[in-house]
Amino acid sequence: MFQYFKSLFFILTCILITSCNQDKKETISVINWASAQQYYAQNIDTALLYLDSLEAQGMHGEKAKDYFALSRVAFKKAEPYASYLNPEVGHRANGPALPIYKEDTGKIIKPVGYQKIEESIFDNETSETDFKQELYVQKGMLSNLKKGIEKRDLNPQRFFIATHQQLLRIVSLAISGFDTPVSHLGINETIISLESLQTVYEQTIQSVIQKKHKKLDSEFNNNIENAIAFINKNKDFDTFDRFTFTRDYMNPITRNWVEIRKSSALWEPIDSTPFNFDAPTFFENNSFNLNYFTATINKNPTSKQIALGKKLFSDPKLSGNGKMACVTCHLQNKGYADNVALNLDNKGKPLQRNTPTLINTAFQQSFFLDGRSNTLLDQISSVFTNDKEFNSNVHKFSNAILIDSTYTSLFKDAFGKIASNNTDVIKAISSYISTLNGFNSKFDKNIRGEENNFSDEEKLGYNLFMGKALCATCHFMPLTNGTVPPFFTETEKEVIGVPETAENKQLDDDLGFYWSYKEELHKGMFKTPSIRNVALTEPYMHNGVYNTLEQVVEFYNLGGGGGLGFDLEHQTLPFDELNLTSEEQNALVSFMKTLTETVDEV
């Protein structure tokens with residue numbers, strides 16, 4: 001009898017799966033993906049046509065700015081799918097107007113893309129010959145993007161991922177001014193992106209959603225219309241209320257989109273992107289997929305490996321002299337930093353640089369302030385081999401550890417064996433550090449709408465951070481570090497001109513990333529760190545030169561090192577003063593303090 005019911009259950013399950021698969025195939029077949037794909041391709045054509053008009057008009061032509069803006073409008077409509085298919089070209093076409101060092105050729109590539117064209121038109125500091133070259137390169141990149149659209153058919157998976165990326169572009173890049181740092185067209189272009197989403201949604205999956213989820217469909221469209229209406233009330237870059245827009249308008253759209261994706265029954269779960277697609281907004285505790293940022297050999301660590309790493313984190317027996325542990329410089333009650341400008345090495349002398357926080361450190365693509373390690377595993381290995389830190393061989397295990405008999409069972413439980421070298425030790429520590437993540441601060445709870453206790457000053461600070469003060473064009477929301485959304489394949493480094501002392505009289509002589517290629521472009525270049533828990537991690541900058549956040553804000557307000565009068569040909573920070581009032585500077589500090597939270601305990 002049992003066998004009979006077991007067989008019956010198996011048959012019914014097969015019928016159900018077959019039926020579901022058939023329904024899915026029928027659903028996909030009725031969706032007009034070709035129409036949406038054509039929409040993306042046609043808008044690339046339109047962007048190209050306006051660039052032709054811009055070229056004919058010339059850089060100083062009466063309609064040059066208009067043609068530039070119209071070309072960008074068309075590009076923004078095509079951007080979700082075009083950039084999804086070709087992230088590198090998509091980012092270059094609309095990325096920062098900065099020179100790029102090509103590691104494979106050793107050549108420095110001049111700035112290109114819409115942002116460089118924007119500079120040429122609005123600042124009038126480019127020759128007509130160079131301007132035409134910029135247009136030529138941009139048209140080449142757009143043509144490349146169009147080829148990608150034409151070759152690779154749009155399907156549900158690509159559509160959902162591309163749209164998710166575009167929603168983050170709005171929240172992180174468009175409204176912060178990253179896309180259009182000179183013209184500040186990004187606020188208006190947010191309307192274009194939302195209208196474009198609506199258009200493609202109507203062309204594709206709306207009919208599927210309407211059949212079973214009319215309320216969701218209606219709510220989604222209403223939320224888009226409400227967001228557009230909110231923008232139309234005030235498009236001024238300096239005064240646009242980004243906090244309210246994100247909390248009350250963009251987050252509801254994102255929540256709707258997640259539900260639409262789930263309700264469509266067209267989605268295949270994946271683990272190869274930066275996102276947790278089930279997170280309702282980009283500000284949840286689990287919005288990002290940690291595995292995406294983790295080295296292949298250390299993905300999905302067990303709880304026992306993490307517990308072992310936590311114990312090892314505090315054990316000085318890992319170091320050659322038995323006196324230094326990870327916790328020597330990374331203290332939980334100090335935001336996993338140490339609150340000194342330069343901690344001491346194993347001989348009692350100052351280390352070269354300030355200790356960075358470990359909170360959310362896993363969400364990066366380069367480690368150490370000079371970016372010399374590409375993975376967290378490599379970063380920890382470097383601490384082991386550094387003669388000023390642990391000064392111990394990665395391949396030689398310290399038997400001193402095993403004096404503590406609990407390690408014998410901990411290693412066996414975690415890795416199935418007692419360690420014979422430090423490889424498993426490093427993997428365990430890395431696994432533990434990767435759990436030191438926090439997206440549950442006062443800011444997060446307020447932007448998610450769970451709490452409503454943000455003061456007017458804190459709200460002003462966020463709006464300044466995302467707008468006039470230009471902070472979020474390097475410290476990208478929501479991670480607030482330099483890992484660039486929406487692809488998160490690169491953690492940016494910047495030249496900002498940090499002084500040697502707080503008197504701001506002389507440039508610090510630490511060359512930073514320059515060590516890697518010995519390029520003038522990289523002198524004084526350092527990785528952009530997270531500012532989450534920044535209120536706990538003073539002093540600031542790579543050399544710990546500033547003791548207060550107020551000093552840091554003042555440094556940026558003056559235009560960085562260039563604004564202080566230092567000779568910095570390759571400063572990536574704008575040289576101009578921000579002209580922030582005292583009230584605005586205080587508001588920025590107040591906002592940054594809302595990013596504080598308690599993460600784990602060591």
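**Close-up 1. Arg 353, a buried residue with a partner from elsewhere in the chain.** In this predicted model, Arg 353 has a relative accessible area of 13%, so it counts as buried (under 20% relative accessible area; exposed is over 50% and partly exposed in between, with a 1.4 Å probe and protein chains only). Its side chain meets that of Asp 510 in a salt bridge, 2.8 Å from N to O; the term asks for a side-chain nitrogen of Lys or Arg within 4 Å of a carboxyl oxygen of Asp or Glu. Arg 353 sits in the loop between helix H13 (326–329) and helix H14 (376–385), and Asp 510 in the loop between strand S3 (493–495) and helix H19 (514–517), so the pair ties together parts 157 residues apart in sequence. Helices (H or I, at least four residues) and strands (E, at least two) are DSSP runs, numbered from the N terminus. Asp 510 is buried as well, at 11% relative accessibility.

A quick word on the ground rules: residues are numbered from 1 along each chain as its sequence is written, and side-chain values use heavy atoms, with hydrogens and water left out. As the model is predicted, local features need pLDDT of at least 70 and side-chain atom pairs count only at pLDDT 80 or more, while totals for chains, interfaces and linings use all residues.

**Close-up 2. Further salt bridges, with Lys 468 and Glu 584 among the partners.** Arg 448 and Glu 450 pair through their side chains at 2.8 Å, N to O, and Arg 448 counts as buried at 9% relative accessibility. Lys 468 and Glu 584 form another salt bridge, at 3.1 Å from N to O. That pair links distant parts of the chain: Lys 468 is in the loop between helix H18 (456–465) and S3, Glu 584 is in helix H22 (residues 582–593), and they are 116 residues apart. Both Lys 468 and Glu 584 are buried. Elsewhere, salt bridges with shared partners join Arg 72, Lys 76, Glu 79, Arg 169, Asp 179 and Glu 189 into one network. The count comes to 26 salt bridges.

**Close-up 3. Helix H20 against helix H22.** The axes of H20 (residues 549–557) and H22 come within 10 Å and cross at roughly 125°; axes are lines fitted to C-alpha atoms, for helices over the stretch in contact, with angles from 0 to 180 degrees between N-to-C directions. The two are therefore oblique to each other, the label left once angles under 35 degrees (roughly parallel), over 145 (roughly antiparallel) and 65 to 115 (roughly perpendicular) are taken out. Leu 549, Glu 550, Val 553, Glu 554 and Asn 557 of H20 make the contact (heavy atoms within 4.5 Å) with Gln 585, Leu 588, Val 589 and Met 592 of H22. These residues divide into 5 nonpolar (Ala, Val, Leu, Ile, Met, Phe, Trp, Tyr, Cys and Pro), 2 polar (the others, Gly among them) and 2 charged (Asp, Glu, Lys and Arg).

**Close-up 4. His 184 in its loop.** His 184 lies between helix H7 (156–174) and helix H8 (186–203) and counts as partly exposed, at 28% relative accessibility. Leaving aside neighbours within four places in sequence, His 184 touches Glu 118 and Phe 237.
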